[in-house]
Amino acid sequence: MKIILLLFINIITMNALAQLNPIRSGVYHWAELPVKKEGQREGRKIAEGTTHEFEYLEMHATTQEKGAIPRPPHMQDDIEEILIIKEGKVKCTIGDKSEILGPGSVILIPPLESQTFENIGDGPLIYYVFMFRSKLMSMERSRNAGGFLLIHGNAIPSLKTNTGHLQKYFNRPTAMCENFEVSLVTMDTKGPAHALHSHADTEIILVTEGITEMVIDGKKLSAGPGDLYMIESGQPYHILNTADKPCRYLILKWR
């Protein structure tokens, strides 16, 4: 009976995965995301599907109102997560370590790590969540690379570039990826960040300040604060700042 039940669960899981479609290149605008309210929380679904590297990727944004009761500690068995704080102040507890983090902070949570998030600010707490699973999960790789990360957004060294500044949050292996990179780009003036190019990594660009334009595979798109671009592996693209004032965007890319 137990064997039959396990086979049934496996069939259901495989069918669910088979129904997922690849997440295509494009732009997702914050103002257009559907909102689902539940008590003192709001959820905004961005996208769900597969990528060249991931058999599952789900992206959403969560809002906790001031005074919202945190959900009980929980963990993911075979999902890795990255959280980016958009607004507010959070007390984040991973395992037995707690940190208070503000806007621009980044959290990496490998599978099997207990987690909980409490809004301790004077207003709403808003954060993006990226949940992903690959066929190459390795907890040993995660441990060797340092495990989970709690990175304060105001503590990242800034490197001068030709167009502005670059802040590198991390660039290392994770449980699900041979390499995952998160960095923040600041462009000080109007113009392109780089020439049209492509690479093997799938990439997400999350705009935090200013107005940008991007050309992906010949298609022109635009995005402002809170919006994000998705660029599939191998597709040529470039991004530019449309105004003579700074723009900023976070880059997430993996292979």
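This is a predicted model: local features need pLDDT of at least 70, side-chain atom pairs count only at pLDDT 80 or more; totals for chains, interfaces and linings use all residues.
## Reading burial, salt bridges, pockets and strands

Q: Is E42 buried or exposed?
A: E42 is buried, its relative accessible area being 16%. K37, by contrast, has a relative accessible area of 64% and is exposed.

Q: Which residue forms a salt bridge with E42?
A: A salt bridge is counted where a side-chain nitrogen of Lys or Arg is within 4 Å of a carboxyl oxygen of Asp or Glu. E42 forms one with K37, and their closest N and O atoms are 3.7 Å apart.

Q: How many salt bridges does the rule give?
A: The count comes to ten. One of them joins E232 to R24, with 3.1 Å between the closest N and O atoms. This pair links distant parts of the chain, 208 residues apart: E232 is in the loop between β19 (228-231) and β20, and R24 is in the loop between α1 (2-18) and β1 (26-28). As for burial, E232 is buried at 18% relative accessible area, whereas R24 is partly exposed at 49%.

Q: Which residue forms a salt bridge with E55?
A: The partner is R133, and the closest N and O atoms of the pair are 3.1 Å apart. E55 is partly exposed, with a relative accessible area of 24%, while R133 is buried at 14%. Elsewhere, salt bridges with shared partners join K37, E42 and R44 into one network.

Q: Which residues lie nearest the centre of the largest pocket?
A: A pocket is found on a 1 Å grid over the protein atoms alone: it is an open set of points where a 1.4 Å probe fits, with protein on both sides within 12 Å along at least five of seven lines, and lining residues have an atom within 4 Å of a point. R41, H60, T62, R71 and Y127 lie nearest the centre of the largest pocket, which has 21 lining residues. Its space is about 450 Å³, a volume being the space filled by probe spheres set on the grid points, which are joined across faces, edges and corners. Strand β4 gives the largest share of this lining, four residues.

Q: Which residues lie nearest the centre of the second largest pocket?
A: L166, V185, H194, Y249 and I251 do, among 19 lining residues. The elements that give two or more residues to this lining are β13 (164-172), β14 (180-187), β16 (202-209), β20 (237-241) and β21 (247-254). The space in the second largest pocket is about 340 Å³. Its lining has eight nonpolar, eight polar and three charged residues.

Q: What is the strand order in the open sheet of three strands?
A: In general, strands of a sheet pair through backbone hydrogen bonds, either parallel or antiparallel. Here the order is β7-β6-β9, with antiparallel pairing. Two strands pair if DSSP finds at least two bridges between them. The edge strands, β7 (97-101) and β9, each pair on one side only. Five bridges join β6 (residues 90-94) to β7, and V90 stands opposite L101 in β7.

Q: Where is L112 found?
A: L112 is in the loop between β8 (106-109) and β9. L112 is not a glycine, yet its phi is positive, about 70°. D217, also not a glycine, has a positive phi of about 50° and lies in the loop between β17 (212-216) and β18 (219-223).

Methods: Residues are numbered from 1 along each chain as its sequence is written. Side-chain values use heavy atoms; hydrogens and water are left out. Ala, Val, Leu, Ile, Met, Phe, Trp, Tyr, Cys and Pro count as nonpolar, Asp, Glu, Lys and Arg as charged, and the others, Gly among them, as polar. Buried means under 20% relative accessible area, exposed over 50%, partly exposed in between (1.4 Å probe, protein chains only).
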